[in-house]
Amino acid sequence: MMVFWEGYVSDELMGTFAPIVLYWVYAGFYHLLPPLDRYRLHTRRDEEDKNLVPFATVVKGVLLQQIVQAIVALLLLTTTTNAYGVIVQPSIPKQVLQILIAMFVMDTWQYFVHRYMHQNKFLYRHIHSQHHRLVVPYAIGALYNHPLEGLLLDTVGGAISFLVSGMTARTAVVFFCFAVVKTVDDHCGLWLPGNIFHLFFQNNTAYHDIHHQLQGLKYNYSQPFFSIWDKLLGTYMPFNLVKRPGGGFEARLAKE
């Protein structure tokens, strides 16, 4: 399978840096949009008043996590490629299957690690609570985490997904870029009409917004793709999406 970067950039470099570039392009797109108050899940006033960390700190935190991710990804992709020698790219159906396996593995890893970080008071207080300082999520803050959480939840989870699925570095470019776009979208705070992720994934922007609410902290741990583990293990919180009188929407817990 030919790709546009073949002959210019190695698959290992693309798999390492394309997701990072895409993160800032996609999150930056959301950041530069006009206010779009009629599609917001929270008012702009809520974002200013409830969030406990300044925007500049969020940007620095995301960049730090991405530096660590880049180092691990480049080492992982380069090492596995060198170990296997000449790699023949699998058929499209096999690559699709590998991506689906990687999605399930990543969801499984992130669900249990994420849930444990909520259940362990020490880990929540000193590590995971950093992410929840963004009570009102926004796109650029999607990867704002404590560095240790970023390493355990995202970087290690991504590495395990890559290894278990058996995908090549070239397939990994597609998978990690897709995972990044989905994660950014889940934190964008907007319920836009026609959003393809809202159409095909129950685990979406409103679903994750419930988890960021005080009443929903112990629910909707699943991320970034499916809601399987929440439903199987009793941590799924249904919600209603209602129109806010002043404009926009509000994700309300269906039971409290």
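Predicted model: local features only at pLDDT ≥ 70, side-chain atom pairs only at ≥ 80, totals over all residues.

User: Are helices α1 and α3 roughly parallel or roughly antiparallel?
Analyst: Helix α1 spans residues 11–32 and helix α3 spans residues 55–84, and the two pack with their axes 7 Å apart at an angle of about 155 degrees. Angles over 145 degrees count as roughly antiparallel. That angle therefore makes α1, relative to α3, roughly antiparallel.

User: How are α3 and α6 oriented to each other, roughly parallel or roughly antiparallel?
Analyst: The axes of α3 and α6 lie 10 Å apart, and the helices pack at an angle of about 25 degrees. Because angles under 35 degrees count as roughly parallel, the orientation of α3 and α6 is roughly parallel.

User: What is the handedness of the crossing of α3 and α6, and how many nonpolar residues does their contact have?
Analyst: α3 passes α6 in a crossing that is right-handed. The contact draws on residues including L64, V68, Q69 and V72 of α3, and L151, D154, T155 and F162 of α6. By class, this contact has five polar residues and one charged residue, and its nonpolar residues number ten.

User: Which helix gives the largest share of the lining of the largest cavity?
Analyst: The search of the whole structure finds one cavity of 30 Å³ or more, and the largest cavity holds about 620 Å³ of space. Its lining has 38 residues, with Q69, L143, D154, T155 and V180 closest to the centre. Helices α1, α3, α4, α6, α7 and α9 each supply at least two residues of that lining. The largest share, seven residues, comes from α3.

User: How many charged residues are in the lining of the largest cavity?
Analyst: The lining of the largest cavity has 17 nonpolar and 18 polar residues. The charged residues in that lining number three.

User: Which elements give two or more residues to the lining of the largest pocket?
Analyst: The largest pocket has a volume of about 470 Å³, and among its 24 lining residues Y30, H31, R40, E47 and Y138 lie nearest the centre. By class, the lining of this pocket divides into 16 nonpolar, four polar and four charged residues. The elements that give two or more residues to it are α1 and α2.

Methods. Residues numbered from 1 in each chain as written. Heavy atoms only, no water. Axes fitted to C-alpha atoms, helices over the stretch in contact; angles between N-to-C directions. Helix = DSSP H or I, 4+ residues; strand = E, 2+ residues; numbered from the N terminus. Parallel < 35°, antiparallel > 145°, perpendicular 65-115°, else oblique. 1 Å grid on protein atoms, 1.4 Å probe; cavity = no way out; pocket = protein on both sides within 12 Å on 5 of 7 lines; lining within 4 Å. Points joined across faces, edges and corners; volume = space filled by probe spheres on them. Nonpolar A, V, L, I, M, F, W, Y, C, P; charged D, E, K, R; others polar. Left-handed = near helix turned anticlockwise from the far one by under 90°. Contact = heavy atoms within 4.5 Å.
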